[in-house]
Amino acid sequence: MGMALGDALGACVEFRPHEYLTAHPVKNLMGGGTWGLEKGQFTDDTSMALCLATSLIARRDFVPYDQLVRYKWWYQYGYMSSTGKCFDIGAATRQSIIQFEKNQKDFANKTSIPIDYMDFLCDPNCLSEFNVYCSEAGVAGNGALMRLAPVPLFFYRNPKKAVEYAGISGKITHGDDKVYDACRFYAALIIGALQHKSKNELLKETFYTDNKIWFGDKDLHPDIQKISDGSYKKKRGYEDGIRGKGYIISALEAALWAFWSDEDSFEKGVLKAINLGDDTDTTAAIYGQLAGAYYGYKALPEEWLEHMYGKRFIKCLSKWIVYEGENWSKSHIYDDGDTEHNDVLPEEIPDRSRFRRFTVHTMVSKASDSNNDNQNIATTYQSSMPKNDRRSSEDLTNNKPLQAATSYQSSMSKNDRKPSQGFSDKKPLQRATSYQPCMPENDLRSSKDLTDNKLIQEDLELAPPGTYSLGNSGRRQTHNYLFGKFPKSSKHS
Ligand SMILES: [Mg+2]
């Protein structure tokens with residue numbers, strides 16, 4: 001949320017030089033300006049971060065291929081955009097997405113996989129053969145760092161993995177080593193913030209050496225090492241050479257300078273980042289990631305949050321990251337031999353008890369309503385049943401709950417079909433019906449997940465209609481859209 005706020009605050013003056021901002025400093029959340037957005041709408045930084053977040057959640061893991069698919073959806077269809085379109089995209093990101101699309105086509109030709117299936121590729125062997133590195137050395141823009149936060153938020157309980165994945169998450173679109181290490185270093189700081197390290201600990205020169213175990217055996221690039229040594233600690237800021245430019249080194253320095261000099265105020269820091277000028281929204285979005293993690297949700301100015309576009313949706317995704325990240329860490333607890341395994345939830349992430357799985361009640365069948373007129377309707381049901389669960393026609397015609405369950409069963413994947421008693425007796429399973437058909441094929445949730453996970457059900461309520469759909473088209477289409485099913489006509493490039 002801190003990142004999204006920084007993005008929205010800086011959007012109206014993106015590309016304005018420092019001189020302009022000295023004369024007309026940003027003091028508040030505003031609409032208009034560079035992109036003519038409504039007050040609170042965000043730009044590419046947040047859209048890409050939301051793509052990354054939904055990928056981590058839907059795949060329940062770090063799958064760079066799926067991240068790229070979602071970036072492509074954003075570029076082509078405006079997926080996760082605050083306006084329904086991709087209206088701003090960095091040159092390097094654009095180039096990498098085009099390269100990714102080309103790699104997809106080549107892979108489809110080589111393997112004879114239909115191109116329409118390529119976006120939903122989930123076979124581990126296929127994924128391991130696909131080259132996800134769509135950029136090259138020398139591409140060192142800030143576009144990789146601006147979207148980073150979901151990775152450390154998801155994996156922070158296993159810092160070594162979080163740092164490694166952070167580097168890869170940047171490198172797939174921005175191939176330079178400096179980008180890789182900027183993302184690793186910044187992710188480590190966000191992890192430190194989530195572990196309640198003090199600002200002094202985060203910003204002291206020994207932070208990298210103190211936490212070197214997180215970085216594996218790859219040393220930091222010398223330019224990032226300089227930043228780690230404190231190159232951004234310049235009292236006069238812009239006059240001392242701090243710049244809010246698109247180069248990854250400048251961007252990282254500028255964001256850290258704002259954090260270092262913000263007098264423990266998110267509001268002051270984010271405005272300092274913006275008023276450096278140039279790539280205002282991105283400098284502020286990068287600042288907002290660390291500052292948001294460090295100060296917490298409650299420190300974000302309420303009058304700004306009130307206008308934040310998609311606020312409820314972003315909050316819901318944040319909770320979902322906590323939920324899935326925690327599940328992930330439980331199944332990977334010893335993966336990196338990390339002795340500092342940290343399972344303490346930071347204050348800004350809401351109380352874990354809210355997400356405790358609820359138990360589906362074991363219910364005894366009370367299906368006895370008679371309806372002997374309905375043999376025809378029951379036919380549909382019968383044909384959708386797995387062979388080992390076919391019912392006698394008497395059952396089918398006499399049992400109303402069985403009939404109600406018809407639409408659910410037929411939407412289930414074959415290996416997740418339930419015995420009819422399993423779903424006809426359980427209300428949550430039936431409620432999950434509307435969710436299931438909206439799921440992408442690469443989201444491998446079982447019916448147990450769907451019924452046990454309140455968050456999934458809550459999300460159906462929380463996705464704001466119109467936000468992620470192509471219009472005010474109602475919940476079903478919103479969700480098709482959220483999970484990557486688009487009307488063909490919506491492609492604009
Ligand atoms: Mg932007």
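Hi everyone. Before we look at any pair of helices, one definition: the axis of a helix here is a line fitted to its C-alpha atoms over the stretch in contact, and the angle between two axes runs from 0 to 180 degrees between their N-to-C directions. Two packed helices are described by that angle together with the distance between the axes. Please keep in mind that what you see above is a predicted model.

Let's start with the whole chain. The protein chain has 26 helices and 0 strands. It holds 493 residues, and 46% of them count as buried. What share of the contacts between residues at least 6 apart in sequence joins residues at least 24 apart? In this chain that share is 70%.

Helix α3 covers residues 44–59 and helix α4 covers residues 64–77; their axes lie 9 Å apart, at an angle of about 140°. That angle makes α3 oblique to α4, and the crossing of the two is right-handed. Which residues make this contact? From α3 come Ser47, Met48, Cys51, Leu52, Thr54, Ser55 and Arg59, and from α4 come Asp66, Gln67, Arg70, Tyr71 and Trp74. Sorted by class, the contact has 5 nonpolar, 4 polar and 3 charged residues.

An α-helix has 3.6 residues a turn, so residues three or four places apart point the same way.

Helix α3 has another partner, α1, which is residues 2–10. Here the axes are 8 Å apart and the angle is about 155°. Why do we call α1 and α3 roughly antiparallel? Angles over 145 degrees count as roughly antiparallel, and with an angle of about 155°, α1 and α3 are therefore placed in that group. On the α1 side we find Met3, Ala4 and Asp7, and they meet Asp45, Thr46 and Ala49 in α3. This contact has 3 nonpolar, 1 polar and 2 charged residues.

Is Glu263 buried or exposed? Glu263 is exposed, because it has 8 other C-beta atoms within 10 Å, and exposed means 12 or fewer. Its phi is near 50°, a positive value in a residue other than glycine. Ser112, in the loop between α5 and α6, also has a positive phi, near 60°. Ser112 is exposed too, with 6 other C-beta atoms within 10 Å.

Last stop: helix α17, residues 311–331. Its 21 residues should span 30 Å at 1.5 Å a residue, and the end C-alpha atoms are 31 Å apart, which agrees. Among its buried residues are Trp320, Ile321, Val322 and Trp328.

In the loop between α16 and α17 you can find Glu306. Glu306 is exposed, with 10 other C-beta atoms within 10 Å. How far is Glu306 from Gly40 in space? The two are 266 residues apart in sequence, and their C-alpha atoms are 8.6 Å apart.

Definitions and conventions:
Residues are numbered from 1 along each chain as its sequence is written. This is a predicted model: local features need pLDDT of at least 70, side-chain atom pairs count only at pLDDT 80 or more; totals for chains, interfaces and linings use all residues. Helices (H or I, at least four residues) and strands (E, at least two) are DSSP runs, numbered from the N terminus. Angles under 35 degrees count as roughly parallel, over 145 as roughly antiparallel, 65 to 115 as roughly perpendicular and the rest as oblique. A crossing is left-handed if the near helix is turned anticlockwise from the far one by less than a right angle, and right-handed if clockwise. Two residues are in contact if their C-beta atoms, placed from the backbone, lie within 7 Å. Ala, Val, Leu, Ile, Met, Phe, Trp, Tyr, Cys and Pro count as nonpolar, Asp, Glu, Lys and Arg as charged, and the others, Gly among them, as polar. A residue is buried if 20 or more other C-beta atoms lie within 10 Å of its own, exposed if 12 or fewer, and partly exposed in between; C-beta atoms are placed from the backbone. The expected span of a helix is 1.5 Å times one less than its number of residues.
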